[in-house]
Amino acid sequence: MKASIGEQISNLAYAVCTCLASICYALTFGPAFAGYCLLYLPVLLAIIGIFGSMVKRFTMQKLAVIKHLGGIAEETLTAIKVVASFGREDRELRKFAKWSRRTTTIAKKYTFMYSFMVGIMKFAIFTFYVYSFYLGSLFIENKSINSKTGEPYNQKDVLSVLIALITGFVGLIAALPNV
């Protein structure tokens, strides 16, 4: 347990440090463009928060139902002589089948919601791509001055900032299972 918690904390620390380092790099390389791109960060954090809470809730439901189903199986197996001697196999089979159906239903809901939220996450990432590339094209087209270099933004500036921010955002998404 300690090793697992320690691993989660170290993974979370790594992800947060990666995100912060990439944001610092982006802000030092192209401050204005990075600032506008970072306006998207609250949207991504909200999606990550919603995704995390939904996955946690469905995981807890799934574990509770599986735990109950396991309890029924253990109870039946430990009392197999009593069940067999009183001819209550049908009752125990019906009870087990009922909880098996509940487990299947919860597992299907979990899989659907998990897949749905992964789709939302990917949509959010691709939306960030569209948003940032559009902003980058405006910065280049309007010949906005990069305060770091004193020259107009060019493709190198835009791509450097984007790759840094994408690396940081992916680090945040990677931290999700450890939250």
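The report below takes up the overall fold, the aromatic rings, the cavity, one serine and the cysteines in turn.

This is a predicted model, in which local features need pLDDT of at least 70 and side-chain atom pairs count only at pLDDT 80 or more, while totals for chains, interfaces and linings use all residues. Residues are numbered from 1 along each chain as its sequence is written, and side-chain values use heavy atoms, with hydrogens and water left out.

**Overall arrangement**

The chain has 6 helices and 0 strands, where helices (H or I, at least four residues) and strands (E, at least two) are DSSP runs numbered from the N terminus. Of its 179 residues, 31% count as buried; buried means under 20% relative accessible area, exposed over 50%, and partly exposed in between, with a 1.4 Å probe and protein chains only. Among the contacts with a separation of 6 or more, 81% join residues 24 or more positions apart, a contact being heavy atoms within 4.5 Å.

**Aromatic rings**

A pair of aromatic rings is described by the distance of the centres and the angle of the planes. Rings of Phe, Tyr and Trp (its six-membered ring) pair if their centres lie within 6.5 Å, and planes under 30 degrees apart count as stacked, over 60 as edge-to-face and the rest as tilted.

| Pair | Centre to centre | Angle of planes | Class |
|---|---|---|---|
| F112 and F116 | 6.2 Å | 15° | stacked |
| F128 and F169 | 4.9 Å | 65° | edge-to-face |

F112 and F116 are 4 residues apart in helix α5, so about one helical turn separates them. F112 is exposed, with a relative accessible area of 55%, whereas F116, at 43%, counts as partly exposed. Elsewhere, F33, Y36, F139 and Y153 form one aromatic cluster.

**The enclosed space**

On a 1 Å grid over the protein atoms alone, a cavity is a set of points where a 1.4 Å probe fits but cannot get out, and lining residues have an atom within 4 Å of a point. Grid points are joined across faces, edges and corners, and a volume is the space filled by probe spheres set on the points. The count comes to 1 cavity of 30 Å³ or more, and about 60 Å³ of space lies in the largest cavity. Its lining consists of Y40, L44, A124, I125, F128, Y129, I166, F169 and V170. Helices α5 (89–141) and α6 (155–175) each supply at least two of the lining residues, and α5 gives the most, with 4 residues. The lining divides into 9 nonpolar, no polar and no charged residues, where Ala, Val, Leu, Ile, Met, Phe, Trp, Tyr, Cys and Pro count as nonpolar, Asp, Glu, Lys and Arg as charged, and the others, Gly among them, as polar.

**A buried serine**

S132 lies in helix α5 and is buried, with a relative accessible area of 0%. Leaving aside its neighbours within four places in sequence, S132 is in contact with F33, C37 and L162.

**Cysteines**

With a disulfide taken as a pair of cysteine sulfur atoms within 2.5 Å, the count comes to 0 disulfides. For C17, which is in no disulfide, the nearest cysteine sulfur is that of C19, 9.9 Å away. C19 is likewise in no disulfide, its nearest cysteine sulfur being that of C24 at 9.5 Å, and C19 is buried, with a relative accessible area of 6%.

Conventions
On a 1 Å grid over the protein atoms alone, a cavity is a set of points where a 1.4 Å probe fits but cannot get out, and a pocket is an open set with protein on both sides within 12 Å along at least five of seven lines; lining residues have an atom within 4 Å of a point.
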